[in-house]
Amino acid sequence: MDEQVSIRGGNTTNGKGIEGESGGRVTVPDSISPLRQLFPILNQTVRGVPLAYFDNAATTQKPVGVIEAVKRYYERDNSNVHRAAHDLAGRATLGFESARTKVAQFINARSDREIVFTRGTTESLNLIAYSYGALAVGAGDDILLTELEHHSNIVPWQLLAQRTGAKVVAAPLSDKGDIIIDQFRERLTARTKIVSFTHVSNALGTMNPVAELVSLVRRYAPQAIIVIDGAQWVAHGPTDVQALDVDFYCFSAHKLFGPTGVGVLWGKYELLERMPPFLGGGDMIDRVSFRETTFAKPPSRFEAGTPHIAGVIGLGAALDFLGLAPWPEVAAHEKAIGEQVLEGLRGVDGVRLIGAPAQRISVASFRVDGVAPIDVAVMVNNNGVALRAGHHCCMPLMERLGVSGTVRASWCLYTSQSDVESLIAAVRSTTQRRSIKRLAKVEERAVIPGAERSAPSVAAAAAALIGEFDGCPDAAMKQELLFEWGQSHRNLLERLKECTTPVPGCMSEVRVLLRRTPDGELTMASDANAGIVRGLLTVIERLVSGQQIAELREFNIRAFLVRIGIDQFLSMQRRNGLEGVLQMIEAEVGAFEGVGR
Ligand code: PLP
């Protein structure tokens, strides 16, 4: 590779300077690319094209070392930890506890005792909110968050606020997606008991100036504890919890090349020691009697029940893998990839980048004019490109930015230049769909008419649709057919918004108006803000609109959808969204008792 990239100096989280201390240009060494070979999953084709995986902020792939460690554990050592006297339990305990030591070293904790294993960042944050919250938060107190936060770093605090009468306060963002420092400072008061913010935003890639924010908290709200959501940082640079000078730090193994279902809560021991248990059960006790139970010291106090032993051992192996990747080289590689992604996206006509943070880590959010984010993600998947679209569990942030969602490309140490080329080419191809007539004038008639009957009976309508889908040789063509139908679907969204509520459970905005005619027919008018969903609504309208309710009552729509192969060309989430539409139809015609779902 050996390419020249521009590296900005200065602002790092822990003073170690992963971005190049000199502020000059550094040479990217070629020691990172070979690591990609350690990820077998990346070496596959999707829809006949090499996979380009850009969904790393959702979860990273696993190197062979992690896969082998989990396999070895189940093949050789599987046993419960901490309790038994036999060799297998000894080996399992050793593997589990040595992973704790590795985690402690990885984040420079003072001691292994400060490492609590959880199910993930979400559980770590809930644990703090529940346990520290019970200890230190009461009515009239403030919990300061920021508008950047993932729902995992909002909802547990809201629940705490509900329980205690405390208030959740959010520090605002600039239009670029950076915390406005002055406004953050203004919200630090004598009432502030907890300050919790993300190290890196999963939706925009904003890297927060942790050191600056921490020093403000220590100065203006010294009574407050500081919690960092490190989910999106740990795979991209060194973490030093002592240098950060925070109180709690949370992350998930699966975003760090380790297994899902395992996370870490690091906390200062003196705080953990004072905190009450979160969950009760085995392993977290000292003595139990019906009179009284006393609790174990941390970390056991917070690890009730049998843990995810294989997952923790896998996390240990992920940290061993990271030992092969010097952080400055990872940073330089990711920076180079990031510049190619941003430059490539800027070069595509119709693409608008969302957010321009002062310091960005491994995420680019964007929109394509005239194409819903989910449609972009579905379309690029046909070119082997894995992206994410939606609100990224950051609804308040989306509201702040004035968008319903974005398309998100996220990269990491194994992302290659050829991945970036695939990404940009695939995104460029989606812009050709901008001719979608979504902006066409809304129909002016006072009453929104249901779609015309497509065939003399439901059975005949179903047969016609089945014929059309069967005429498509593969799943990609079926999907293409849906997109085409989506383009010619009636534009009714604005009018339907005036007289309907959104269909629950759908990722996109979906509106459906069902009516019964005096002749016993059902009519359906519907629309959505995503092309593929509009195509699907065309299918449903063609099937049910104008048909006799008595006939519909006997017809199994779910079986029909399976028959046309819906599971091959529509993601599970989309199908779950469709469920809301089906339930509305069922309610209107009188539920189909006993029809299998
Ligand atoms: N915080 C951030 C910033 C995230 O990106 C995520 C996951 O996407 C989480 C928290 C929640 O992580 P998990 O689902 O692993 O608990």
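Guide: Let us begin with a charged residue. E149 is buried but has no salt bridge, and R187, the nearest side chain of opposite charge, is 12 Å away. Buried means under 20% relative accessible area, exposed over 50%, and partly exposed in between, with a 1.4 Å probe and protein chains only. A salt bridge is a side-chain nitrogen of Lys or Arg within 4 Å of a carboxyl oxygen of Asp or Glu. As for charge, Lys and Arg count as positive and Asp and Glu as negative, while His and the chain ends are not counted.

Visitor: What kind of model is this, and how are residues numbered?

Guide: This is a predicted model, in which local features need pLDDT of at least 70 and side-chain atom pairs count only at pLDDT 80 or more, whereas totals for chains, interfaces and linings use all residues. Residues are numbered from 1 along each chain as its sequence is written, and side-chain values use heavy atoms, with hydrogens and water left out.

Visitor: Where does E149 lie, and which backbone nitrogen does its side chain reach?

Guide: E149 lies in the loop between β7 (142-146) and α4 (155-164). Helices (H or I, at least four residues) and strands (E, at least two) are DSSP runs, numbered from the N terminus. The side chain of E149 comes to 3.0 Å from the backbone nitrogen of T198. This is read as a polar contact: a pair of N or O atoms within 3.5 Å; within protein, one must be able to donate a hydrogen and the other to accept it, and residues adjacent in sequence count only if both atoms are side-chain atoms.

Visitor: How many salt bridges does the structure hold?

Guide: Side chains of opposite charge can pair when their charged atoms come close. The structure holds 29 salt bridges. In one of them, E303 pairs with R100, and the closest N and O atoms are 2.9 Å apart. E303 is in the loop between β14 (293-295) and α9 (309-322) and R100 is in helix α2 (residues 87-106), so the pair ties together parts that are 203 residues apart in sequence.

Visitor: Are E303 and R100 buried or exposed?

Guide: E303 counts as buried at 8% relative accessibility, and R100 counts as buried at 4%.

Visitor: Which residues are linked with R218 in a network of salt bridges?

Guide: The network links R218, D245, D247 and K268. Within it, D245 and R218 meet in a salt bridge of 3.6 Å, N to O. D245 is partly exposed, with a relative accessible area of 34%, and R218 is partly exposed at 24%.

Visitor: Which residues come nearest to the ligand?

Guide: Of the 13 residues around the ligand, T122, D229, Q232, S252 and K255 come nearest; a residue is counted as near if one of its heavy atoms lies within 4 Å. A polar side-chain atom of S252 is 2.7 Å from an oxygen atom of the ligand. A side-chain N or O atom of H254 also lies 2.7 Å from an oxygen atom of the ligand. Taken alone, the ligand exposes 390 Å², and the protein buries 85% of that; such areas come from the Shrake-Rupley method with a 1.4 Å probe, and for residues only the protein chains shown count as cover.

Visitor: Which backbone oxygen does the side chain of H333 reach?

Guide: The side chain of H333 reaches the backbone oxygen of L413 at 3.2 Å. H333 lies in helix α10 (residues 327-346) and counts as buried at 3% relative accessibility.
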